[in-house]
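Please keep the sequence and the model at hand while reading.

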Amino acid sequence: MPSNALLVVVGDVDKATVDKSAKAYFGGLAKTPVPEHPAAKQVEPQPTKARRKQIDSGQVGLVLRGYPIPEATHKDIYALQVLSIVLGSGPGSRLVDTLSKAGLARQAGATAIVREHPGLFLLYAAFDNGANGDKVEKSLFDQIKALAAKPPTAAELRKARALILADFSSRIESAEGLAGQVGMSWVLTGDPTQFTRDIAQLEAVTGADIAHVISTYLTPERSITVVSPPGKR
Amino acid sequence: MTRLAKASIVLLALAACGPGAKTSPVIPTLPGDGSANTAAPKAPADNGNKGADDPWAGREGLIDAPPPIIPRALDLPRVDAFTLPNGLKVVAVEMHQTPMVSVQLAVRAGRVDATRDKMGIEQVVARALLAGTSHRTADQLTAVLDPVGAAIHAQSSYENTLISCQARADSWQACLDVIPDVVAHPSFPKDAVDAARLELAQAAAARRKDPSQLAALHFQNLLWGDAHVRGWAASQRTVDSITRKDVVAWHKKYFVPQNAVLAVAGNIDGKRLEARLRRAFRTWRKRGRVPARKTYKVPDRQRLRARVVDWPGMQVAYIRVGNEGLKHTDPDFYKAVVFNEILGGDVGSRLSRRLAQTGGGQAQGSSGFDRNFDVGLYVVSAAAPAADAAATVRAILHEMKALGDAPPSQSELALAVTHAIGQYLLSMETSAELGNAVLAAALHGMKADSLRDYPLALGKVTPEQAKAAAARILDPLAPAMVIVGDAKKIGPQLTAIGISFDTVKHSDPVGGWERAPKPEHSKEAVAKASKILAKALEAKGGAAALRGMKTMILEGDAKGVIRDPKSGTQKFTAHVRRTFVTPDHMRRDIARDVGGQKAVSGIVLAGNQAWAFEQRGNKQGAGELPAELVEALKQQLWRDPGRILLRHLDKGTTAVALPDQKVEGHPCYVVQVRRADGLASTLFFDKKTYLLRRQSYRSEDSSAVETYDDYKTVGGLAVAHHRVTTEGPTQFDMTITNVKFNVNVPASLFEKPKK
């Protein structure tokens, strides 16, 4: 319904034309109150102990480790996103260097899944040799411990900022990309312009901020781990 | 879909959600290379037309669709073109409305240049290109790009190898610091070449395990034949034959500046560009000549030729129907774009509407054609329930014919033109996309004006012209046709509609030249094989003793080696116990020490079911194995080195003698045993003892060899106490310490674990 939607138009258009077209094609939809969002009232239960589950073998081994994180509007989200780059965004990141380059895993990474409501910080590794499974799991914990003990270097933070800026610039290069940013910003925060302020916040993240989110959200007892060993070769 | 594919998709989906701070690399593609063939069929547009009943028919008050787009020339920025002193052609587009710069270098070195025995070499080169140069390691190259958030990629296509780099406008110098170095001075470290080969072999194997991709491979082979490069595909065999020396030679031959085009697009200072590029590429010196590109004759069209690729149990039929297409410079090119939209483009195409009425609304299809320098293909890709395969084929052929018989209506044409222009405009927004387009135009010898005027050219196509082009290019009477699916369901349908076809197995090699010649079944060869096997049975202990073996337990110590170019050579030792219960139960327990803890893992085959299990400490797990692994285990059982001596006595199984060979210096008789369904194994018997020395066979996508020695008699049967199995990168060397026949085997060993 219209009260639960946002129409985003980006391109070689003028406001008057957009207004006229929007009224013509969407104006006829009935006005209704904003629907309830039950998720908004849910309180995410906080984990109290680590959970681990081993599932069926797959063609390659997989370790997925997740930690619940707050919603998109929380102030800690920026540090969590920068942390995900430091930990697991391509060559030079902690997980890739320790796992992929060492031959323990064929792929490794980290991502902060940011949502309107509480999200998930995810670390992952894909590996071939079943004998490495324990080492891979331990390494995921070890990298977080290492960052908790010693914050990212200035070079790591510089790289993270550069990646964030490059990614953002690339996304908004097209009309579709820019429209997507506007729409996603609205869905996640209720403010379609929030994304224009996100970059500055991300660039302002410090080592102390990273240490804070690690000690708050990425503690062992908050972890959920799923392991799928590699199958027959 | 494999678990790996599923997991990767999950990971990608998870990573893609949210505003995300990760860099999303833009990997521009070059036109052509059969992408039309390999793309999965698009789902039919949900235009409400389900079957013959149109739920929108007769409704009033519907919104009028916007009028068709009026074609006008693209507002393209100026494209500058110049050539550097070393012969490198450059095309440049200044775009100040974007914060990005895209640098794309295309070298005319692609799949079209590879030889049949080394298919995939262009991909190995592309994959290994960024692994370091004579001046810098891969990490040092990354250290130039990472601090500015720049990304570089290398990939190959049918015609070219593309190295692309994207960065923000204030830091794109990083791209110029890296691209000339990697293209002029790559070091191709051995481990990087090996890793690239492994990745390619895995990708080639994965393509053959995906029915839609397999249909694409067979279609290329059927359409172009075994003598045309388009009919060839990379395989384990071709990848195995590619050496580092080949990679270096390929690079030396093709990676010369006169054989390349560079495109720079984005927020650049056009006035300073040429000077910057001269400096950046100064070490990439002109040398030699531009290598000639081999041309291949387009096969003459004959009659309809069809191939069914049998995949037993597949519920879906993956269909490809098509012909040779046209060149990018064909005068009918724009007409073909338009008629393709009408036939199998996106919204409201004839195929999508027609197929929505076929297969209970479950069939889907689309069409497309290559845009290559030489003649490419035109293909309709579809997927339908297996029971509707023939109906879908008929629908496709009907629509192909209909388009050439009568012109489309003006409104249908206008809709197609609007869609094609819209898609075109959407593909020309970013610096990378625009750079890619000017690069493609330059590679095909087309001026930038053609990009500008593309919408106008489409707008000029008339209904009669679309019809005439379709009649010329589409040939519904003599297409090539491939269907991947269950031949038992599909074959009778095709026969019923008068289509004769060849059948191959989905596990067979794609190319005709890759399929091993069937041994001659001369009477002499069959008789000789029969004599050899009779003596071999006698040497073993006799057929009666072998048949009398109802259970067998083999135990021993094994050493394993797995060679993985990425993770290196992995070695392991284990204690292995194999348990057999005639006729179809087999269990393998492998006990190893893992990090100080005893771990037991293995597989169980019990008739038509199989599962893998693992126990480590107090943790245990088990998982059912998919049908293709069950089949692989049954094949292992068939090849058991004792029982294989009896297989030729099974109904439908043949045995023929092949020329004698030596195995590790020992003269051997050679017999090939082949089951009725084609499963085969080649046996090498020592000429003196008639004991089995070696067995070789194909296992999935690789060749395997087992050798046997140290025979000892146990319970009246000669048993090899030392066996080595080599399969692809894996070797398993087992010394048997204990053999028992006809002992009691608890049924619980073959009970499926509870979930």
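Is B:Glu664 buried or exposed? With a relative accessible area of 62%, B:Glu664 is exposed; here buried means under 20% relative accessible area, exposed means over 50%, and partly exposed lies in between (1.4 Å probe, protein chains only).

The model is predicted, so local features need pLDDT of at least 70 and side-chain atom pairs count only at pLDDT 80 or more, while totals for chains, interfaces and linings use all residues. Residues are numbered from 1 along each chain as its sequence is written, chains are lettered from A and ligands numbered from 1 in the order in which they are written, and side-chain values use heavy atoms, with hydrogens and water left out.

**Backbone features of chain B**

B:Glu664 is found in the loop between strand S19 (654-663) and strand S20 (666-674) of chain B. Helices (H or I, at least four residues) and strands (E, at least two) are DSSP runs, numbered from the N terminus. The phi of B:Glu664 is near 50°, a positive value in a residue other than glycine. A positive phi of about 50° also occurs at B:Asn742, although B:Asn742 is not a glycine. This asparagine is found in the segment after strand S25 (730-741) of chain B and, at 45% relative accessibility, counts as partly exposed. Another backbone feature is the peptide bond from B:Thr582 to B:Pro583, which is cis, with omega near 0°. The loop between strand S14 (568-581) and strand S15 (585-594) of chain B holds B:Pro583. As background, most residues other than glycine have a negative phi, and most peptide bonds are trans.

**Organisation of chain B**

Chain B has 22 helices and 25 strands. Of its 755 residues, 52% count as buried. Among contacts in chain B between residues at least 6 apart in sequence, 71% join residues at least 24 apart, where contact means heavy atoms within 4.5 Å. The domain assignment gives domain 1 (82-211 + 232-280), domain 2 (305-430 + 443-515) and domain 3 (523-750) of chain B; such bounds come from an automatic or database domain assignment. Between the C-alpha centres of domain 1 and domain 3 of chain B the distance is 45 Å.

Helix H3 (residues 121-128) of chain B is largely enclosed by the rest of the structure, because six of its eight residues are buried. Those buried residues are B:Ile121, B:Glu122, B:Val124, B:Val125, B:Ala126 and B:Ala128. They pack against strand S4 (151-156), strand S5 (161-168), helix H6 (190-209) and helix H9 (244-254) of chain B.

**Organisation of chain A**

Chain A comes to nine helices and five strands. Its C-alpha trace spans about 65 × 35 × 35 Å along the principal axes. Buried residues make up 44% of the 233 residues in chain A. Of the contacts in chain A with a separation of 6 or more, 76% are between residues 24 or more positions apart.

Helix H6 (residues 154-171) and helix H8 (residues 195-203) of chain A pack at an angle of about 165°, with their axes 9 Å apart. This makes H6(A) roughly antiparallel to H8(A), a term for angles over 145 degrees. Axes are lines fitted to C-alpha atoms, for helices over the stretch in contact, and angles run from 0 to 180 degrees between N-to-C directions. H6(A) contributes A:Arg161, A:Ile164, A:Leu165 and A:Phe168 to the contact, and H8(A) contributes A:Phe195, A:Ile199, A:Leu202 and A:Glu203. These residues divide into six nonpolar, no polar and two charged. In this grouping, Ala, Val, Leu, Ile, Met, Phe, Trp, Tyr, Cys and Pro count as nonpolar, Asp, Glu, Lys and Arg as charged, and the others, Gly among them, as polar.

**Individual residues of chain A**

A:Ser139 is found in helix H5 (residues 133-149) of chain A. Leaving aside residues up to four places away in sequence, A:Ser139 touches A:Thr98 and A:Leu99. A:His74 is found in the loop between strand S2 (61-69) and helix H3 (77-88) of chain A, and A:Gly28 in the loop between helix H1 (15-26) and helix H2 (38-41) of chain A. The accessibility of these residues is tabulated below.

| Residue | Relative accessibility | Class |
|---|---|---|
| A:Ser139 | 9% | buried |
| A:His74 | 24% | partly exposed |
| A:Gly28 | 75% | exposed |

From C-alpha to C-alpha, A:His74 and A:Asp134 are 34 Å apart in space and 60 residues apart in sequence. A:Gly28 and A:Leu165 are 41 Å apart in space, C-alpha to C-alpha, and 137 residues apart in sequence.

Methods: Parallel < 35°, antiparallel > 145°, perpendicular 65-115°, else oblique.
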